[in-house]
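Here is a short briefing on a single chain. Start with the model itself, then read the notes below.

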Amino acid sequence: MNKADQMQRTMSFALRVACLVDNLPHSTAGYVFGKQLLRCASSVAANYRAACRGKSIQDFLAKLKICEEESDESVFWLEMIEASGLLPSKKMGNIIDEAHQLSAIITAACKTTAAKLRKP
C-alpha cells in the first residue's frame, strides 16, 4: 500500500472513530474515554500526513514514531470502551481490528525506516 492509500486509510479510521465517539453514552467515562480516543485517532491521521511530507528520512521517522504511539493508544482506548461496556462489541464493528492493523503497519514502517538509516 502506498503512502497516499495509507493517508486515506488513517483519515478513514479517524472519521470512523469520530462516529463511534458520538455514539458513546453521555457519562463521565463516555466523555473522558471518547475525548482521549478521538484525540489519538485523529493524531494518527494528522501525523501520518505530516510524516509523508517530511523534509528528510529522519523527519519522516520522527513523525512516524508519533503515529506509532498514537495508534497504540487508540487501541488502548478502544479496548477500554469495549471492556467497560460503554458500547457493545457488535456496535464497535471491526474498528479495534483496524486499529491493530494500523498499529502493526506503522510499527513495521518505523522498523524499516530505522534500518535504512542504520545502513552506511
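Confidence in the chain is lowest in helix α4 (residues 89-92), at a mean of 85, and highest in α2, at 97. This is a predicted model. The chain averages a pLDDT of 94, and 98% of the residues score at least 70.

**Packing of α1 and α2**
- The axes of α1 (residues 3-22) and α2 come within 9 Å. They cross at roughly 165°.
- An angle over 145 degrees counts as roughly antiparallel, so α1 is roughly antiparallel to α2.
- The crossing of α1 and α2 is left-handed.
- On the α1 side, the contact is made by K3, Q6, M7, T10, M11, F13, A14, V17, A18, L20 and V21.
- On the α2 side, the contact is made by G34, L37, L38, A41, S42, V44, A45, Y48, R49 and C52.

**The loop between α2 and α3**
- G54 sits in the loop that links α2 (28-52) to α3 (57-84).
- With a relative accessible area of 26%, G54 is partly exposed. Buried would require under 20%, exposed over 50%.
- Ten residues separate G54 from L64 in sequence. Their C-alpha atoms are 9.7 Å apart in space.

**Helix α3 and its end**
- α3 has 28 residues, so at 1.5 Å a residue it should span 40 Å. Its end C-alpha atoms are 40 Å apart, which agrees.

Technical notes. Residues numbered from 1 in each chain as written. Predicted model: local features only at pLDDT ≥ 70, side-chain atom pairs only at ≥ 80, totals over all residues. Heavy atoms only, no water. Helix = DSSP H or I, 4+ residues; strand = E, 2+ residues; numbered from the N terminus. Buried < 20%, exposed > 50% of the residue type's maximum accessible area, 1.4 Å probe, protein only. Expected span 1.5 Å × (residues − 1). pLDDT = per-residue confidence, 0-100. Axes fitted to C-alpha atoms, helices over the stretch in contact; angles between N-to-C directions. Parallel < 35°, antiparallel > 145°, perpendicular 65-115°, else oblique. Left-handed = near helix turned anticlockwise from the far one by under 90°. Contact = heavy atoms within 4.5 Å.
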